[in-house]
Amino acid sequence: MSKKTPGALPSDVRDTLSNSISGVASELHTSLPSLQAVAAKRRLVGRFRVQGIAFGLISGISFGLFGVISGAYLESMPFIAMAGLFAAPMVASAICDTCSTIWVLFFNLARGAGKEILRSLRTFPGLMAALCGFVGGPLANGMLLVGISLAGPAYALPISALCPVFGALFARIFLKQKLSIRILCGMLICIIGAIVISYEPPEGASSLFYIGILCSLIAALAWGAEGALGVFGMSMIDSNISIQIRQGASALITLLVIVPLVAVGWGALIDVLAVPATFWLIALGGLCTAISYLSWYASNCRVGVATGMTLNITYVLWGVVFSLLILASMITPQIIVGALAIMVGATLVSLNPLSLFKRREI
């Protein structure tokens with residue numbers, strides 16, 4: 001008989017335990033690549049969301065600057081001499097969209113995407129992007145310029161910032177995007193902030209003030225529809241190409257259809273081009289819209305229409321800031337309260353505040 005070492009396990013138990021340990025080690029080794037893949041995916045999703053938030057804020061900043069620049073050149077010659085309610089805004093919109101199209105074209109040519117523009121024009125998503133050019137161009141941007149002309153940037157911009165409400169509605173109906181309670185609350189706060197800013201007309205406002213407000217509301221509705229159409233239109237084409245088609249279609253429709261319909265025709269447009277200072281100011285506004293739309297579309301694709309639009313409407317706050325810095329506009333308490341409300345709402349939509357206090361896993 002062989003002696004047993006005190007405390008030693010029987011051989012059959014040792015073999016069973018050894019096989020179990022080997023099996024667990026093998027499973028861990030096999031699952032390691034999948035765990036690494038999951039971690040990499042989480043990091044990628046996180047970076048994707050951060051990029052979307054950054055693009056949304058850039059969109060808001062550049063569009064706020066565009067609103068202030070538009071208010072400046074619409075009060076200059078020869079715009080103030082144009083007869084008709086829609087003449088000056090639509091002529092300005094035609095020139096601005098054309099300049100914006102050229103800026104975006106330079107960007108796409110620099111990245112070697114010239115051939116992609118022509119190829120995308122022959123696709124269904126490209127046609128959808130062109131449809132966005134009509135909805136977001138003369139219908140939205142043109143109406144906003146009418147609102148700025150009649151009510152002023154500080155009042156027209158907040159009303160147009162109601163577009164996330166319409167965008168969320170269209171996204172829910174057509175894109176089946178779900179809206180959480182947090183996002184809905186953030187959007188509601190943004191809307192309340194916009195109302196606080198614009199509920200009281202300024203002293204000495206014209207009798208057409210509320211027509212300007214109505215036009216700004218139409219712009220909000222059109223931008224809401226464009227947000228949903230834009231995401232659908234970019235499903236198979238690059239967002240930078242999509243915005244190229246969008247801006248080009250907007251410029252062509254405004255130049256060839258809208259401007260002749262406002263009774264001033266090409267004469268007023270030529271008068272503006274004859275004033276270099278005014279033209280270059282509009283071209284600067286076109287650059288701002290190019291940056292804003294490129295960033296807005298990129299944000300929508302990364303974080304969704306509702307979040308992208310809500311980040312974009314921070315242009316109300318930036319419009320107030322730039323009005324103070326550039327136009328030396330008087331800032332009232334209601335504007336400050338409304339602007340802060342919009343910032344809080346946009347932040348709530350962009351991220352979950354509780355996530356800032358959660359412990360991150362390494």
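The model is predicted, so local features need pLDDT of at least 70 and side-chain atom pairs count only at pLDDT 80 or more, while totals for chains, interfaces and linings use all residues. Residues are numbered from 1 along each chain as its sequence is written, and side-chain values use heavy atoms, with hydrogens and water left out.

**Helix α4**

I looked up α4 (residues 124–151) and found 28 residues reaching 38 Å from first C-alpha to last, close to the 40 Å expected at 1.5 Å a residue. Taking the bend as the angle between axes fitted to the seven residues ending at a position and the seven starting there, I noted about 25 degrees at Gly-137, with a proline, Pro-138, following within four residues. With buried meaning under 20% relative accessible area, exposed over 50% and partly exposed in between (1.4 Å probe, protein chains only), 21 of the 28 residues of α4 are buried. Just after α4, Gly-152 has a positive phi of about 95 degrees.

**Salt bridges**

I searched the whole structure for a side-chain nitrogen of Lys or Arg within 4 Å of a carboxyl oxygen of Asp or Glu, and the search gave two salt bridges. One joins Asp-238 and Arg-111 at 3.5 Å, N to O; Asp-238 lies in the loop between α8 (209–233) and α9 (239–261) and Arg-111 in the loop between α2 (87–110) and α3 (114–121), 127 residues apart. Glu-116 and Arg-119 also form a salt bridge, at 2.5 Å, N to O, and these two are three residues apart in helix α3, which means a separation of about one helical turn. Glu-116 is partly exposed at 29% relative accessibility, and Arg-119 is partly exposed at 36%.

**Aromatic rings**

I paired rings of Phe, Tyr and Trp (its six-membered ring) with centres within 6.5 Å, calling planes under 30 degrees apart stacked, over 60 edge-to-face and the rest tilted, and the count came to 10 aromatic pairs. Why is the pair of Phe-279 and Trp-280 edge-to-face? Their ring centres are 5.2 Å apart and their planes stand at 70 degrees, so the pair takes that label. Trp-280 is exposed at 56% relative accessibility, whereas Phe-279 is partly exposed at 22%. I also noted that ring pairs link Phe-63, Phe-66, Trp-223, Tyr-293, Trp-296 and Tyr-315 into a cluster.

How values were computed. The expected span of a helix is 1.5 Å times one less than its number of residues.
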